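The following note sets out points on the model shown below. Please read each point with the structure in view.

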Amino acid sequence: MSSDTAVVVPPYNHAIVSPGVYRSAFPTKKNLPYLQRLRLKTIVCITSEAYSQDVSDFLDEAGIAKMRVPLEENIEPFQLMSEAAVMDIMRCLVDPARRPVLIHGLAGVKRTSCVVGCLRKCQRWTLTPILEEYHKYVGRNAEGNLIDHQFIELFAAQGLAHSHSYDS
């Protein structure tokens with residue numbers, strides 16, 4: 001099979017969040033032709049898992065900046081994502097110079113959806129559509145939904161409102 005007819009496989013849970021911002025599960029070797037087509041400038045990993053050698057080599061060769069911000073999952077009653085870490089991620093996601101950017105967790109579900117929900121707050125979405133999008137990936141009855149809802153609802157994006165365009 002020639003390279004122009006090869007099967008191109010996006011990472012699991014891949015989606016366009018907004019122009020130049022993508023989300024997904026952890027990319028693997030089979031996803032590299034797809035990622036190449038995105039012409040990424042930045043990849044944001046929110047888990048502590050290491051990339052395979054193939055993926056790491058691809059990112060290096062393509063000149064894709066790697067940002068690793070391991071986030072703890074929100075778990076009742078005492079474990080919450082670091083708001084400072086989420087703000088660091090937001091600064092990357094809203095910076096036009098870092099786009100196109102891919103944000104991913106391990107499965108691209110709970111933590112990724114929570115971070116995307118915080119981005120939606122930066123984009124001035126109201127809570128109802130933010131949570132509808134969250135549930136599209138996480139489901140309605142997943143453990144931890146309420147604490148994620150609360151984290152998103154209380155997330156304050158001060159400092160971003162006047163420094164970047166969110167929808168460009």
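1. What share of the contacts in the chain with a separation of 6 or more comes from residues 24 or more positions apart? Such residues account for 63% of these contacts, where contact means heavy atoms within 4.5 Å.

2. This is a predicted model, in which local features need pLDDT of at least 70 and side-chain atom pairs count only at pLDDT 80 or more, while totals for chains, interfaces and linings use all residues. Residues are numbered from 1 along each chain as its sequence is written, and side-chain values use heavy atoms, with hydrogens and water left out.

3. The chain has six helices and five strands; these are DSSP runs numbered from the N terminus, with helices being H or I of at least four residues and strands being E of at least two. Read from the N terminus, the order of elements is β-β-α-β-α-β-α-β-α-α-α. Of the 168 residues, 49% count as buried, that is, under 20% relative accessible area with a 1.4 Å probe, protein chains only.

4. The largest nonpolar core has 32 residues. A nonpolar core is a set of buried Ala, Val, Leu, Ile, Met, Phe, Trp, Tyr and Cys residues joined through side-chain atoms within 4.5 Å. Leu 71, Ile 89, Met 90, Leu 93 and Phe 155 touch the most other members. Helix 3, strand 5 (101-104), helix 4, helix 5 and helix 6 each supply at least two residues of this core, and helix 3 gives the most, with seven. A second, separate core of 15 residues includes Phe 26, Cys 45, Val 55 and Ile 64. In soluble globular proteins, nonpolar side chains tend to be buried together.

5. Helix 4 and helix 5 pack with their axes 9 Å apart, at an angle of about 165°. Axes are lines fitted to C-alpha atoms, for helices over the stretch in contact, and angles run from 0 to 180 degrees between N-to-C directions. The two helices are therefore roughly antiparallel, a term for angles over 145 degrees. Among the residues in contact are Cys 114, Val 116 and Gly 117 of helix 4 and Ile 130, Tyr 134 and Val 138 of helix 5. By class, this contact has six nonpolar, two polar and four charged residues; Ala, Val, Leu, Ile, Met, Phe, Trp, Tyr, Cys and Pro count as nonpolar, Asp, Glu, Lys and Arg as charged, and the others, Gly among them, as polar.

6. Val 116 lies in helix 4. Is Val 116 buried or exposed? Val 116 counts as buried because its relative accessibility is 3%. Leaving aside residues up to four places away in sequence, Val 116 touches Val 17, Arg 23 and Glu 133.

7. The axes of helix 5 (residues 127-138) and helix 6 (residues 145-154) come within 11 Å and cross at roughly 140°. The contact includes Leu 127 and Leu 131 of helix 5, with His 149 and Ile 152 of helix 6. The buried residues of helix 6, including Ile 147 and Phe 151, pack against helix 3 (83-93), helix 4 (110-122) and helix 5.

Notes: Buried means under 20% relative accessible area, exposed over 50%, partly exposed in between (1.4 Å probe, protein chains only). Angles under 35 degrees count as roughly parallel, over 145 as roughly antiparallel, 65 to 115 as roughly perpendicular and the rest as oblique.
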